[in-house]
Amino acid sequence: MLDLEKAFDLVWHRGLIFKMRRMGLIGNILHFVPDLDFLSNRCLGLRVRIGAAVSNSYELQNGTPQGSVISPLLFLLMVDDIDEPESGTKLSLFADDSAAWKSGPNLAALTRDIQQYLNRLTTFFERWGFKLSVAKTVAIVFTKNRHLRDDEVKLTVGGCPIRVEKTVKFIGVIFDKALTWSPHIHHIVARYNKRINLL
């Protein structure tokens with residue numbers, strides 16, 4: 001499960017315009033975003049204050065406005081040309097939530113292929129101004145083999161090891177390593193018990 005640090009805040013304006021042009025977006029569509037001060041001239045409030053001293057205003061080069069309905073779309077335009085997985089590895093993108101996975105009987109081969117793709121993704125994200133969060137990116141092995149130890153899976157992001165978890169949350173669903181769905185069901189029941197108690 002991959003996590004980008006401040007994904008919408010790091011959308012690079014010039015890179016976004018470049019990619020929109022490369023996609024063939026021309027005319028009013030291309031000019032809509034920068035011309036309506038959506039990305040350009042966003043300098044209000046970007047100052048540093050120390051005591052009574054205040055710095056000059058600076059124009060933001062990155063980021064889309066928080067809460068805007070078009071911000072997720074602009075982020076998806078930025079990652080539309082993301083490196084495609086190879087060797088049977090799969091990629092799922094849902095706004096800034098993403099996951100890469102591969103299935104098979106050989107854990108060492110699976111780990112090797114996932115690591116190769118993680119290296120390519122890290123390079124892609126860094127090229128376009130994004131950064132994978134080592135703290136929030138986690139791995140999980142879905143298996144019924146109870147003898148498999150978590151330390152058998154060694155994956156890194158940018159040279160830093162990522163944690164191997166027994167449960168992970170992806171797009172609101174909690175997955176456990178045996179795919180029993182028990183943690184997700186318990187989570188839903190606990191959440192709704194609170195609401196029922198209010199009634």
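Two strands pair if DSSP finds at least two bridges between them. By that rule, E1 and E5 pair in the antiparallel sense, over two bridges. Helices (H or I, at least four residues) and strands (E, at least two) are DSSP runs, numbered from the N terminus. The model is predicted: local features need pLDDT of at least 70, side-chain atom pairs count only at pLDDT 80 or more, and totals for chains, interfaces and linings use all residues. Residues are numbered from 1 along each chain as its sequence is written, and side-chain values use heavy atoms, with hydrogens and water left out.

**Overall make-up**

- The protein has five helices and eleven strands.
- Of its 199 residues, 31% are buried. Buried means under 20% relative accessible area, exposed over 50%, and partly exposed in between (1.4 Å probe, protein chains only).
- The protein exposes about 12,900 Å², and carbon and sulfur atoms supply 57% of that area. Accessible areas come from the Shrake-Rupley method with a 1.4 Å probe; for residues, only the protein chains shown count as cover.
- Among contacts with a separation of 6 or more, 62% come from residues 24 or more positions apart. Contact means heavy atoms within 4.5 Å.

**The three-stranded sheet**

- Three strands form an open sheet in the order E1-E5-E4, with antiparallel pairing.
- Strand E1 (2-3) and E4 stand at the edges, each with a single partner strand, so one side of each has no neighbour in the sheet.
- Leucine 2 stands opposite serine 98 in E5.
- Strand E4 (residues 90-94) and strand E5 (residues 97-101) are joined by five bridges in the antiparallel sense.
- Phenylalanine 94 has aspartate 97 of E5 as its bridge partner.
- The hairpin of E4 and E5 has two residues between the strands, and alanine 95 takes a positive phi near 55° there.
- In a regular strand, side chains alternate between the two faces of the sheet.

- Helix H1 covers residues 13-22; His13, Gly15, Leu16, Ile17, Lys19 and Met20 are buried in it.
- Glycine 24 follows H1 and has a positive phi, near 90°.
- Helix H4 (residues 107-127) lies across E1, E4 and E5 and runs at about 145° to E5. Axes are lines fitted to C-alpha atoms, for helices over the stretch in contact, and angles run from 0 to 180 degrees between N-to-C directions.
- Threonine 122 belongs to helix H4. It counts as buried because its relative accessibility is 11%.
- Leaving aside residues up to four places away in sequence, threonine 122 touches Leu132, Val157 and Gly158.

**A nonpolar surface patch**

- Phe142, Leu179, Trp181, Ile185 and Val189 make a nonpolar surface patch of about 440 Å².
- Patches are made of residues with over 30% relative accessible area and no salt bridge: like charges are joined within 9 Å, nonpolar side chains (Val, Leu, Ile, Met, Phe, Trp, Tyr) within 5 Å. A salt bridge is a side-chain nitrogen of Lys or Arg within 4 Å of a carboxyl oxygen of Asp or Glu.
- Leucine 179 sits in the loop between strand E11 (173-176) and H5. At 38% relative accessibility, leucine 179 is partly exposed.
- Tryptophan 181 is also in the loop between E11 and H5. Its relative accessibility is 37%, so it counts as partly exposed.
- Valine 189 lies in helix H5 (residues 182-198). With 43% relative accessibility, valine 189 is partly exposed.

**Positive phi in the loop**

- Most residues other than glycine have a negative phi.
- Leucine 179 is not a glycine, yet its phi is positive, about 55°.
- Tryptophan 181 has a positive phi near 70°, and it too is a residue other than glycine.
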